[in-house]
Amino acid sequence: MTFATTIAFIGGGNMVRSLVGGLVAQGCDPATIRVAEPIDPVRESLAGDFGIKAYPTAAEAVEGAHVWMFAVKPQVMRTVCETLAPLAQAEKPLVVSVAAGISGVQIEHWLGGGLGVVRAMPNTPALLGAGATGLFANANVDANGRAVAEQLLASTGPTTWIGDEMQMDAVTALSGSGPAYVFLLAEAMIAAGEAEGLPPDAARALALQTVLGAARMLTESGEAPDELRKRVTSPNGTTQAALESFERDGFRAIVARAIHAARERGRELSAMND
Ligand SMILES: NC(=O)C1=CN([C@@H]2O[C@H](COP(=O)(O)OP(=O)(O)OC[C@H]3O[C@@H](n4cnc5c(N)ncnc54)[C@H](OP(=O)(O)O)[C@@H]3O)[C@@H](O)[C@H]2O)C=CC1
Ligand SMILES: O=C(O)[C@@H]1CCC=N1
């Protein structure tokens, strides 16, 4: 993929490593990517691993960039935006933010107003081109801005536009945080396999390939998750015993409560940084 637009990432942490890795792997020219990251070893490793330009301060990275991608912690978004407001007003970039909870209205206000702001909620499988991203654009973003934001995120996996910004907290709770839920399930399966007497290496190899194989069936077979589940479940067999144990223990309610807690935390992050 060619991507002529210059993009400056503000913050060079876990999410940006995944996004930059995904972009470069998809053929995006590293010369068009800049990152601002204050931590020396983190900045140097991003520059070394991906051949991008990395700067210690945001002001250096954003100057002249078409897209400013904010990827700092939600708790510092206000300070970072307010510091960059004069430059944003002079340059009028397309602003993209991946910060959980922080609204487009807040970001535009902190940057001085009158700017197109796209909220993007990617996830870390972006590193492998297997990310999932929800997108929301404020009213100042024109068709070209939407196309640029979509092209940028689509190079790391499928994108979904969300019409109501209130739903971005649910996107964050489902797919933004979602990889961690799958990793937790994998951890629990490995530990359970070991508890049942398997050697650690065998438990790990079997659990990880099972997660991969099941994920591929979910995405490649075209079958609904419940249909795939039923095909594993022989009447009165081992899977039925496990699934009945999950249902008795309230598995679905546990998942629903966890995703609700994540969504509520997104709302809190917005309110506490207002
Ligand atoms: N991790 C994930 O899976 C996802 C994260 N997000 C969102 O992405 C954002 C970043 O998350 P994540 O990458 O995990 O966080 P990290 O803490 O790993 O990365 C943020 C980085 O930004 C640095 N930073 C702080 N202030 C500035 C500044 N003024 N200029 C430039 N860089 C600065 C931080 O340094 P220091 O540590 O010194 O403060 C840190 O290295 C968050 O808002 C999060 O909600 C969205 C989707 C998924
Ligand atoms: O945990 C967080 O707050 C961020 C947002 C989504 C994934 N990580």
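## Close-ups of a predicted model

View 1. Gly12 sits in the loop that links S1 to H1. A quick reminder before going further: this is a predicted model. For a sense of scale, pick Met166: Gly12 and Met166 are 154 residues apart in sequence, and their C-alpha atoms are 27 Å apart in space.

**View 2. Gly11, one place along in the loop between S1 and H1.** Gly11 is found in the loop between strand S1 (7-10) and H1. Gly11 is classed as buried because 24 C-beta neighbours fall inside 10 Å, and the cut-off for burial is 20 or more. Which residues does Gly11 contact, leaving aside neighbours within four places in sequence? They are Val16, Glu37, Phe70, Ala71 and Val72.

**View 3. Strands S1 and S2 side by side.** S1 and S2 run parallel and are joined by four bridges. One pair to look for is Ile10 with its bridge partner in S2, Ala36. Strand S2 (residues 33-36) is covered on both faces. Ile33 and Val35 are buried on one side, while Arg34 and Ala36 are buried on the other.

**View 4. The shell around ligand 1.** Ligand 1 has 27 residues around it, and Gly11, Gly13, Met15, Ala99 and Ala100 come nearest. Two elements give two or more residues to this shell, namely helix H1 (14-25) and helix H4 (74-91). How does the shell around ligand 1 divide by class? There are 18 nonpolar residues, seven polar ones and two charged ones. Met15, one of the nearest residues, lies in helix H1. Met15 is buried because 23 C-beta neighbours lie inside 10 Å. Apart from neighbours within four places in sequence, Met15 is in contact with Ala71, Val98, Pro122 and Thr124.

**View 5. The annotated "binding site" residues.** An unreviewed UniProt entry applies "binding site" to Ile10, Gly11, Gly12, Gly13, Asn14, Met15, Ala71, Val72, Lys73 and Pro74. These residues are spread over 65 residues of sequence but cluster in space, with a largest C-alpha distance of 14.0 Å. Over residues 6-101 the chain is 48% helix and 20% strand, with the end C-alpha atoms 26 Å apart.

**View 6. The surroundings of ligand 2.** Which residues surround ligand 2? Ala100, Thr172, Gly176 and Ser177 do. By class, this shell has one nonpolar residue, three polar ones and no charged ones. Ala100 turns up here and also among the residues that come nearest to ligand 1.

View 7. H8 runs over residues 178-195, and its 18 residues should span 26 Å at 1.5 Å a residue. The end C-alpha atoms are 26 Å apart, so the model agrees with that expectation. H8 is followed by Gly197, which has a positive phi near 105 degrees.

**View 8. Helix H11 and positive phi values.** Helix H11 (residues 238-248) is hardly covered, and the count of buried residues among its eleven is zero. Just after H11 comes Gly250, with a positive phi of about 75 degrees. Asn236 is not a glycine, yet its phi is positive, near 55 degrees. Asn236 is found in the loop between helix H10 (225-232) and H11, and it is exposed because it has 7 other C-beta atoms within 10 Å. Lys92 also has a positive phi, about 50 degrees, without being a glycine. This residue belongs to the loop between H4 and strand S5 (94-97). Lys92 is exposed because 12 other C-beta atoms lie within 10 Å, and exposed means 12 or fewer.

**View 9. Zooming out for context.** The protein chain has twelve helices and eight strands. Its C-alpha trace spans about 70 × 35 × 30 Å along the principal axes. Buried residues make up 35% of the 274 residues.

Note on methods. Residues numbered from 1 in each chain as written. Chains lettered and ligands numbered in written order. Predicted model: local features only at pLDDT ≥ 70, side-chain atom pairs only at ≥ 80, totals over all residues. Near = placed C-beta within 6 Å. Nonpolar A, V, L, I, M, F, W, Y, C, P; charged D, E, K, R; others polar. UniProt positions renumbered as here; feature names shortened; annotations may be inferred. Contact = placed C-beta atoms within 7 Å. Expected span 1.5 Å × (residues − 1). Pairing = 2+ DSSP bridges.
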